[in-house]
Every structure is written in C-alpha cells, then in structure tokens.
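Here are my notes on the model, point by point. Please keep the structure open while you read.

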Amino acid sequence: MSQVEKKVGLLRRSSSSKKPLKEKVVLMYDEIFAKEDPSTHNPRFWDELFLMKVNLEYLESKLESVDGEEVQRIQDNINSLFHHCVQALGEEHQIKVVNALQTLCALFRGVHQKNKSASGFDIINMLMGFDKAELRMKDLMESLDSLLCGDGSESLKSLCLKLLLCLVTVTDNISQNTILEYVMINSIFEAILQILSDVSSRGQHGYDAVVLLALLVNYRKYESVNPYIVKLSIVDDEPTLDGMGMVVHHALTEYNRQYKAKEEENQGGFFSTLTTMVGNMFIADADEKLSVQTNEAILLALYEAVHLNRNFITVLAQSHPEIDMGVTPVTPIPTTPTTPLGTTPPSLDAMNNPELPLDPNLQTSNLLITFLKYASIVMQDTKDEHRLNSARLCLIILTCIAEDQYADAFLHDDNMNFRVNLHKMPMRHRKKGVDKNIPCRPLVCAVLDLMVEFIVTHMMKDFPMDLYMRCIQIIHKLICYQKKCRIRLHYTWRELWSALINLLKFLLSNETTLLAKHNIFHLALLVVNLFNMFITYGDTFLPTSNSYDELYYEVVRMHQVFDNLYCMVLRVSTNTGQWKEPASKVTHSLVNVRAIINHFNPKIESYAAVNHISQLSEEQVLEVVRTNYDTLTLKLQDGLDQFERYSEQPKEAAFFKELVRSISLNVRKNVSLNTMSQDVLLKEFSTIS
Amino acid sequence: MGDAELELSPSHPEEPEPLQHSPPSPTPSPSPSISITSSPSLSLPSTPSSGPHHPSQRRSPSPSEGPGASSPALDVISEGTGELTLVIDPEMAKRACQEVLLKVKQQQAVEEGSEENDNSTTTTTTEQGLPNGDLGGHGASIGGVGVKGGVVKSPGIREEDDPSSAKNARRRQRHNPSKQSWLLRLFESKLFDVSMAISYLHNSKEPGVQAYIGNRLFSFRHDDVDFYLPQLLNMYVHMDEDVGDAIKPYVVHRCRQSISFSLQCAWLLGAYSSDMHISTQRHSRGTKLRKLILSDELKPAGARARRDPPTLSLFCPSASATNPLHGGVAAGGLIGEHSLSPSKRTHQRSKSDATVSVSLSSNLKRTASNPKVESNQEEPVRLTPQREFIKSLMGIGKRLATLPTKEQKTQRLISELSLLNHKLPARVWLPTAPFDHHVVRVPHSQAVVLNSKDKAPYLIYVEVLECENFETSNVPARIPETRIRSTRSVENLPDCGMTAEQRAGSFSVVPNYDNDDEAWSVDDMGELQVELPDVHTNSCDNISQFSVDSITSLESKEPVFIAAGDIRRRLSEQLAHTPTTFKRDPEDPSAVALKEPWQEKVRRIREGSPYGHLPCWRLLSVIVKCGDDLRQELLAYQVLQQLQCVWEMERVPLWIKPYKILVLSSDSGMIEPVVNAVSIHQVKKHSQLSLLDYFLQEHGSPTTEAFLSAQRNFVQSCAGYSLICYLLQVKDRHNGNILLDAEGHIIHIDFGFILSSSPKNLGFETSAFKLTSEFVDVMGGQDRDMFNYYKMLMLQGLIAARKHMDKVIQIVEIMQQGSHLPCFHGSGTIRGLKERFHMSLTEEQLQVLVEQMVEGSMRSITTKLYDGFQYFTNGIM
C-alpha cells in the first residue's frame, strides 16, 4: 500500500513538474501496473476505464517496459484488464466496446513486443492466465463474432477485424503465435464469410476479411489440421465465394489502375524527354518509377481460394463489367468515375440490382482477366524480392488453374471470348503497344501469351529458373488438356515455338554460368518435350494441317539450336558427374527432333540444288516438308502427356512460410487502429448512446 | 365420382333436397368442368371444406346464416367493376344446364384435377361456387336460386331476382327466349367447338348468349381454350361489359388453378390494354383484372377453403371477396395434405433466391454452413419468382441495347447470365415449352446476341428438369457448377460438411444425388487421361490409344514407331471430318450458334452441365426480345397454327412451322426459336454458295435420297409459306427473315409487316409472295415435276384454307378490336383478307389464280429490288 502511494506520489510529483495535466487514462494505466488490484480502491474502476479514450502508445510502452520480475507482480492485474476488456465487448455502450477493442489490441501488441523470445504459453499466461485462457478466448471470440455479424456500427466491425489482424500478425511467424490455437477452436470463419457475402459489408471490410482469412489459413498449415483450411475448402455458397472474388478482383484492379496511371505519367515524360533522351536510357529509368507496391496478401488469398476451394474456380470466370483502360484508346482513359467499382462493387445481383452501370465504355471483365493483367505487370520485373515472390505466386496460381478441369473448360470455351490487354515490357528490340487491337479470343490464348511473354523477357544473367520451370509446366498442362479434349485452339503457335527455341539457345550460350546454379537439363527436357507433344500429338489439337507443317518448318529452320543442344547434352552425359543422368534424358528426348532435322535437311538441300535456288522461301520449304512426310518414321515417346500435379507440400512449403512471414510483417506495419480517429467514433456513437 | 353425379343429375331440377344426401365425393374432382354441375345445394353448413366459395363467403359476418336465410336480394358485389350479373330465362337456363351437365359427364370430363373438392360433402355445391367464387355478385345470385329451390342453372347463366335492379329488369324484357332455342340446339350439338364459341361470343349481341358461352367455356379442354386466350382477353379488354362479364368467371377460375395461366393472362391483358388512352387504360377492366391477378389474390381456392371456419355459410355473400386481407392470411396454417397450394411447398430457393421482394438481407443469413433462417410466416409467393425471372431477362435486354458493339453485347450478355445462374434453380419456367419443368441453369456461355440494328434481342439456352407439375413439384437442388467436390479439400471434420447434407436434406429432390456426385468425381486430369477418348476419335486408330497402350507396354521396352505422314494425314482427315460449321464472326455471333445441329448442341451442353446426368434434363432455347411488339407475331402465330390444323385436317401436305410467341407486354416478349435453322442470308454469306449449291453441299447430289427429301421438304414448305405470305400479306421478305432448316424446309420468321402494313411504304414487294429464281432452281427449275408439285400444293392448300376461312378470319377480326397495331391500319383489313380467300371462284379459276401469282412472283423484279435494297441498307444478302 505504501509502495503504491509512493509510486503515485512520485508520478504526481514528476508530472506536476513536467506536465501539470496528465491524462486520466494514463493514471489509470499506471494503477493497473501497480501491484494492487485497482478496483479495491475504486469499485467502478473498470467501468470508468473503458469510458476513457485509449492511449495506445502509453499502454504499449508500459507493457514493454515491464521487466521479468514485475511481470509476475502485475500479472493478476493484466489478466483482470484482459478479462474486463472481454466483458466490455458485450456492453451496450459502444464507446466502451471501442475502447475495449483498442485496449485489447494494445495488450496483444505490448505483450508480444516485450516477450519476443518468450514462449507462447508465457504470453498466454501473462495475458489471461493459464487456467482462464480457454474461457477468456472463447468469450472474446464469441463477442467478436457477434459484433462482426450483428447489425452494429460498421466502424465497430472494422475495429474488430483490425484487432483480429493485429492478433494474427503479432508474431513474425504466424505458426508460433500460440494464441491462435484458440482462434482455431473458436472459429470466426463464418463471420468472415458473412462479411464477404454481404454486398455492403464486403465493400467496407472485405479487404481486411480476406487478408485475415488468408493468414488464418496459413496457421500451422503443415503441422496440424487447420479448421480454416477445412472450412474454406468446402464453402459452396456462391454469393460468398463471389464476394471473396470481388474483393480480390477489386484489389488487383486497383493495382492495375495505379500502375497504368504511373505508366502514363511516364509516357508523358517520355514524350517530353524524347527530344533529349535516347529511348533505351529512359527505359531503365522508367522501370524504377513504375514499381507499385505489390499486394502479396491479396494474392495469397487468391491462391488459397483457388488451391483449396474447388468451387472458387467458377468465380474466376464470373464476369462483371469493368472499366477497362486499355481497350478504350479513343476516350482518354477513365474519365468515368471509378466509384462503382470501389465501395459498392457492381453487385453480383442482376436481380437485386437491375441497374448495373450503363457505360458504353464498360468492358466486361472477370477475375481471371484482371489477374492475368496483374501477373503481366508483376512479372515484368522480378528483380526485387517482393516482386519475385509475387511473380512466383502468380505462376503457382496459374498452375493450379491450368490443372483444374473446370477452369480449363472455360479457358477454352469458344463462346467466351475476351480481349485481354497484357502489359508488355518495353524492350529494345520491339516497340511497345504495337498491338493495341488484340482480337477477341478464348481466355487460354491470353494465358499462353503471358507465358510466351515471360519466356521472351526473362533470359537474363540472374536467371529465374524456378519461374521458367513453372511457366513451361503451365503450357504443358494446357496442351495436355487440349490434346485430351481435342480442342483445336486457333492460336499462333509459332510464337510459342520460336520463344521456346530462343530459350534453348539462351541456355546453351550461358551454359557455364547457369550450370553453376541450376539444373538446366531439367528445363531443357521440359522444353524439348513440349516440342515432342506437338510432333507426336499435333493431330489432336493443332488447328490446321498447315500448322503441323509450320512446326516442322520451324524445327528445321532452327536446327542449329537443336544440334548444339544435342552436342552439349551428349558431351555432358558421356562425362561422369552430377549432370550425367539429366543430360542423358535430354539426349533421348531429342530423338524425334533430330530425326526430323536429319530427314528434311538433305531433302531441302537437294531441292535447292535441283531448282538452283540459293535461298528457299518459306513456301518452298513447306512444300518440301509436305511431300516428304511419308518417308519419316518417328519414335513414340512415353509419358509426354503425363505431368506431376501441383502439391504445396513439401516442395513449396518453405516458400509459403517465408511469404506468410513477409505478409505478416507488412500487415502488422499497416494495421493501424488510429486510422479511425476517436473523433469519428465519438461522433458516431455519441448519437447512438 | 362421375357416376355418382350422373345419377344425381336428373333429380336436380325437381328436388334439391336429395343433394344433401349426395355422397361426399371421395376423390378430388378430376375436372373443373364438373364444376358446371351446379346445384342449389342447401347442405352447405355441413361442408366445412367447400372451398371455392370462400373467397366470397369467408368473411361473412354471420356465419351461422343458413341457406334458407340467404336472401335473393343480397347485395350484388363485384370486384370493383360493378357489373351486374346477367339474367336469362330460368327455364331455358335450366334446360341448358341440364344438357351441359349431361354432356360433360359423358365426356367424363377431363384432366387437371381441380384442387378443392377432395373432402367436400356435396361435390356439386363445391363446384358451383368455383367459377364464381370471388364474384360477389354471382354469389348473391346463387342465393337467389337457393331460395327459389329447384332451379338449376349453369353457373354463369344465373338469375337475379332482385327487383331493385332496374337494369336486370330491362334486360329481361329485352330478352326473348324463344328466339334462342335454335341457337341453343347448336350450342348443344357436338359440332360446337371453341372456335364457334369464340365466334358467337364475339358476334352475338345477346347478353344471355354471351353469358351462356362464358359458362360453356368451362366444358372445353383447357388447351383448346388456351389457343384463343388472346382473343378472349382482347374481347374482355375492348368489348362491352356483357362480354367481359361472361368471360371473367372462366378466366378467374383458370387463374386460380394455374400460375402460368395467371401470368399469361396478366401479360396479355397488359399488352392489349396498352393501346387505350392512358387515362382510360388506368381504369379499364383489363387493367383491373390484371392488377387482381398480379396481386396474387387468386390463389387456389382449395388452399383458402381449408382455413375457413366450418360454420361459414356458402350463401352468405361477402364483401370481402377482394379484401386484401385474405391474401394476408393465405400463408397461415394449411391444413390437409391434399392441398395443392404451391404456397405450402414453395421452395426456399424459389422464394428467397429468385425474388427481390423477399430479399436475403432481411434474414440473418450467415453463410453456407449456417442454414438460412427462413421465416415461415412469410407470405409465400406464387407468381413472383417467375415474374422476377422474366423481369431480369428483360432487364438484360435493355442494358444490352445500350452497348455499341456486338462483341461487348455478347460479353455482357454472358456475364449477366452467369449472374442469373446464381438464382437458379428456382420455381421458374419457360412459358414457351410444351411440358412442365423448372429452370435449373442457363449455360451462359452459349447465349448469343442476335442480329438487329438497334435493339438487342438475344438467344439463350436454358437447361430445365422436366417435372410433373412445376407448381407443386419440388424445385431441384442446386448442384455446384464444378459438380465434383474437390479431391483436395479436407472433408473429414464432421461438423463442417453440413452444407451438402443440409441442402440435400431440405431439398431432397434428386434421390441419388450423392451417388451421382461420386460417379462424377472423376475429375483429375491424371485420371481423365485414361478415360476413353471422345467421340471423334473412335473412327481411326489414334495415337492417344497408342499412348495408353504404351504405358502398359513399357516393360517390353520395344520402341513403337509411328509415321509422321500418318500424324499429318490424321490431322487433315479429322479437320475435314468436322461437320461444316460457319466461321466465327464477331459481327454475327448467332450464325455459328444456330448452325450447330441441335442434337449436337444438346449433347455438348449436357456434358458440360452439372445437371446433365439427370434423366429429366432437357434443353430449351428462347429468344428474348426487348423493345419489340410481339402482338402481331402472336397473331401471325395463331393464323399459322390455325392453317396448319386446317391443312392437316384436309390432308394437304403443306409444311409450315408456327413458332411459339409469348407476349409479355406491348414492347417485350419471347419467341421460341426454330432449331436447326439458319437464315438464308447467313447461309449465303458464310457458304458463299447459291442456294442450290448449298443444298448439294449439305444433302448430296441431286439423285440421292437425302437431296430428294430435302428438296421435297423445301417445296412443301415453300408452298405453305407462299400461301401464308399471300393470305397475310407478309412483307419485309428479305433473306434474313427466311430460315432454312437442316432438312431443307424454309421457315419464314418476323411477321412485323402483315395485312395492312408494309415497311416504310416504299412500295416494294408488290408480288404475292417471295419466289426467287434461286428458290425455283432448288425446285429443279420451271415446269419440272417439283415445280408443278409446288403449284399444285398451293392450289390444294388454298382450297382447304378457303373451306375454313371463318376460323382464320375470326382470329384476326377479334384482335382488331381496339387495336392500334399497324397491321390493322386502314379500314379494309378484314375485307381484304376475306377477298384473298376468293370464295367466289371456282376451283379452275383458283388454279389460274395460283398460276398467275407464281408467274407474277417469279417475274417480279420488286423482290429482287427489295433484296438489293436490303443489301445496301442492312447488308443482308
């Protein structure tokens, strides 16, 4: 008692010397951090506390400053504070609820800040006390759930979500956040889904809800049964899934829009500086400026939805009108207000909302298209860590999509044609934006375009091997589907072939540098097998008989590359070493390509000789090809149309752990409870209460 | 039951008392026609469930009032229209009724079970009220009969003893029964059919006759009357009160029975009222009836009856017939399992998902894993789901019209439809379909925008599940689009899998849904690879079969060799084998969709549909037109239908294809598309061939059976449509408006310019019908057999049509009433039409006429001119 008095006295003195007026709430915090139960003096202490405006900084710093021994001393009071916070959540008085939510947030953060090294159990003990923890957390989660689902104020809901985000991200590694065990037991999954299914709440809280869900799904993903994974995987309520899709769609669209805006700014700069600057100098410059912060959290959410939930695939193809900036070159970009996309997404309800915005410039879009555009931007520059991660995640998502039967069905649906304006990296040897007039094609063409674009633009010293592998695998999966379902896609396959051949060329010319870091034979094998797919099964999916001839033409024309590749792999496979095995696989896979080259090359030469032509035209070569098929025998290779299905574990586990960690850090940094100023809340609640 | 009544009937007039002892009908009355078996049953108080009356009697302030107490002078209350009931001679009515009664029983009249009388004590009583159930005035008249005792009358020909009604008195004086006896004989004759009934209803000035026919309508088959529904309703809207009064009981009665009839009436009433001046329209009878129907107060009487206190007297007239409160109670407790009220079984989906009114927001809807809270108190909606469905289809059309390009329209259409899918399955249906069904899915990516300059008609395909009765059968459960549960999903937690179970539980429609689900769960690409190659492959030895083999033969290590030439050959063979399709053209998206053979399309869509495995799965298609007046189309449809019947009856092998029209309002509607048909314009544009060459390409050389039968079809349809075009003066006959089906028939579409109207008054198309030299070429050229056959068919057809001219004229004539349609422009429309039947000519003269018309049409340069005109203005070849 005397100690308390002394302390109080001290504080008073110090405060009177420095600041004559100290906030009441601070004084009350101090009381909590004293040893005594603050309610012994003032029975209405807790009631009063929650009427005070929370001083987050003070509370947090106070918690941080508590050292080891003191913890023991004040644990009861902190437990009590926690308990009363939870109780206050049930109060009718909304101000109390708000303050309790913020206090809780400060508690979680402060305690973790302090005890970075401490085990999760210590933290739980300190906050709630072991024996009460289960009960307290149950009450807390139930209160949050009812707040989120109730008809209460939107700002309250927002605060609830912020608190949850705060709780989920207090540790760097989400799986070490032991408190989340209680969030697993007392699921708020339903509350999240409800937010997503309702149009208005989705607009306001959708983003937080989706990020929260994505993070929760990643809690101890690989170690235990995570009920959020289970539940997410079986959601089949379309409005909800759609809502999730809308949130992701909106976030990605926003990113695309920002990027576009920046790019245009630069474009303006380009024209102004054109007179003084050389084009390529500018390009390097522009790259820097164009980087907009990627949004990995939302991408992770998209991944989890696509990967875990079968039904979400339909959402990808769910079209809704979007203001497309690319397609409207005539009208100078979005003069149309973008508001309908924002707060209230063009509702999914044709019936409930018969008046969709009627703008002739509205281009129908869907999540997949937006995602492809986003991916095309993200993939442009994979130099920094975040973008590399985003690009990788984009490719993983595409892998999942390419493996899904239903997704393939609508990707290849002949009746669903879209113009997809992918962003293309400005490069020295090609002009940007030549093809503004992209034809309306099935969506799979856009995916293939994106892959081709990636292949062409990333042959660099710092070779993104892993991305290339994924890229080729995606193409392979799509072609497998086409072969199986006999879909003859009218796609200019030639672009793909030449991109692939160029890739092989690049691998060859950088053999030594690349071999130091990567198994290039694996990639080469995948590429050659793609050619084998075309050669052996071309009859099942090529659009015209001419295209088969063109394939041969391309192979023969670029025979040098294949010859060199063969020499290289033969050399490596005859040596002993770690690459012997993979190189010999490539040797075997080249058998048909070599057969074609060896068969047609002499024929073409003799044709040239007979007709006294030095340089054969394409048509003439094709003619030779056409007339000489019958004497060519190919070997049937096994398993060309087999592929390994994507599985997150164990291959990708490390990637996702790191990704989630970086997302956690990012979210923690950005979750600010202060975004909502007390004034707003007061204004809102003073009238209510 | 019929037997029982047969016994009873003779006794009706003399002694009403025995009726009290008449056996309670054990089963639901099989027929509404029985409802005509009226009788002044006095036994009412003992029949708690005598449903149909209740609309008028339920609210009776004095429920204990016995039959005897009911006064003939009871107020005449009608549904706001204030019409009085009609009076005709009781004697005659008596006789008439007897006969009708007898005949009806002989027919052992029919079909759709009337819903109400399963436990009524005296069927006859029950029935009588039925048609008049909510006509307060009629209710009063029943009372009158009751007092008189012994007078049996047809439900509508009823008597009004009310001396205070001066109007009635006047009418009675005017009325001369003896004059009508011959008429009555006709009416009683077997020859008297709906067509005649309609005709007399239209022409007779006698209220008695009209009232009689109004009652007589009950005895006809529903289908037969339905054909004349536009005529009936147009008369109701535009003719005098007497006709309206005669028709109304029937309409109301049918509305009670059927949701689709209700909606049909409401739509037509709206459409036919629209020509009135806005001020009169608002108070017109048609508008009022429409409002009544749409207010959804015309619920099946049976459902209401059950809630009535048993003490209510039938004879107590009540002002509450139209009391909106009644509607409010309707949802209350429904007792009795026989109730066919759809309200009882209204489905969650149909209620909450397809309607705006019952918005989801009102319920606390948590998630899929949380069952929706469905309030039982909610007023079940009878008409709303369907109305909302139609409304959203129209909304799509309106929005599409604002988009500038076909491509944008198509994309928008597809996206809007995919959203529509979320609301399905629901208790909605396509009114153009010939069978009962529920719409379960719209394969949105198959929908196409049709060619039209400023409007945006579009064609959608609709997957439906056939059912016994769409009003009462359960709405099918929703099957998720992806159909198969993810193999990736973890589903071992017992408390999480509730969605599927919950659904299956509450919907319980597809009995072996779970099995199906499993059967379908072969999805992985890996697994699919081992599946049999699809249809196209079975013809030739395929590489992919090799590959399957080669997996197994891996051990043998024997390399398999293939010839590059084979691969190449297969590729070109397979490309050649694919059926001729039109190339995709963003400016004409419908061409490809329409060219695809219907069966092929059905198969394809069925494969891709999560519902496709259900045996009752069907595919329908419909053209949604928004901003177009389809009333003329409907008229043309009726005429075509009538002529088709006539030709069939007269055994003339003319071929025409009337396609169903649904008029939704004066500027919107739906059309049943002709399947397997593309327009001649599309044929010529995409194939770049003459018509004859196209026939050769599609059907084979001129001597093959396929070609010959296609040619015969062409000739028969040409002859049919030539006559149609002549009789109806169908104009605007460019190649975009003439379809060619897969069997070689031509089908004329778009009857926007018929009778007195022609496009833009350019004076083109003066010939009787369109007969281009290309057509003649397909027939084999002039003076060849097929060409002569064509002329002969036309002659036969004209003779047959002439014989039944009245039936055709009548359809048109009635619709002219009050109509501002362009086809009735001018005064000579009907006269002109009559003249074109050439009643006065001999058959020889007719033959000459046909010759002349054919000659004239062939020589006519105006046809050519018109085609040229169309080419230059609309790009139609």
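1. Start with a helix pair in chain B. H33(B) passes H35(B) in a right-handed crossing. A crossing is right-handed if the near helix is turned clockwise from the far one by less than a right angle, and left-handed if anticlockwise. Helices (H or I, at least four residues) and strands (E, at least two) are DSSP runs, numbered from the N terminus.

2. Some ground rules. This is a predicted model, in which local features need pLDDT of at least 70, side-chain atom pairs count only at pLDDT 80 or more, and totals for chains, interfaces and linings use all residues. Residues are numbered from 1 along each chain as its sequence is written, chains are lettered from A and ligands numbered from 1 in the order in which they are written, and side-chain values use heavy atoms, with hydrogens and water left out.

3. Back to the pair. Two packed helices are described by the angle between their axes and the distance between the axes. Helix H33 (residues 705–728) of chain B packs on helix H35 (residues 785–803) of chain B at about 45°, and the axes lie 9 Å apart. H33(B) is therefore oblique to H35(B). Axes are lines fitted to C-alpha atoms, for helices over the stretch in contact, and angles run from 0 to 180 degrees between N-to-C directions. Under 35 degrees counts as roughly parallel, over 145 as roughly antiparallel, 65 to 115 as roughly perpendicular, and the rest as oblique.

4. Which residues meet between H33(B) and H35(B)? From H33(B) they include Val715(B), Cys718(B), Ala719(B) and Leu723(B). From H35(B) they include Tyr789(B), Leu793(B), Gly797(B) and Ala801(B). Contact means heavy atoms within 4.5 Å.

5. Leu728(B) also sits in helix H33 of chain B. Is Leu728(B) buried or exposed? Leu728(B) counts as buried because its relative accessibility is 3%. Buried means under 20% relative accessible area, exposed over 50%, and partly exposed in between (1.4 Å probe, protein chains only). Not counting residues up to four places away in sequence, Leu728(B) touches Ala636(B), Val639(B), Leu640(B), Ile754(B), Leu755(B) and Arg836(B). Leu728(B) and Ile754(B) are 26 residues apart in sequence, with 5.7 Å from C-alpha to C-alpha.

6. Thr829(B) lies in helix H37 (residues 829–835) of chain B. Thr829(B) is buried because its relative accessibility is 4%. Leaving aside neighbours within four places in sequence, its contacts are Leu755(B), Ser756(B), Gln816(B), Cys823(B) and Phe824(B).

7. Chain B as a whole has 39 helices and 10 strands. Of its 877 residues, 59% are buried. Among contacts in chain B with a separation of 6 or more, 80% join residues 24 or more positions apart.

8. Now chain A. It has 33 helices and 5 strands. Of its 689 residues, 61% count as buried.

9. pLDDT is the predictor's confidence in each residue, from 0 to 100. Chain B has a mean pLDDT of 66, and 56% of its residues reach 70 or more. Over residues 108–175 of chain B the pLDDT is below 50, yet this stretch has 225 contacts beyond near neighbours in sequence. Where pLDDT is low, the predicted coordinates should not be read in detail.

10. Chain A averages a pLDDT of 79, and 81% of the residues score at least 70. For the complex, the predictor gives an ipTM of 0.75 and a pTM of 0.70.
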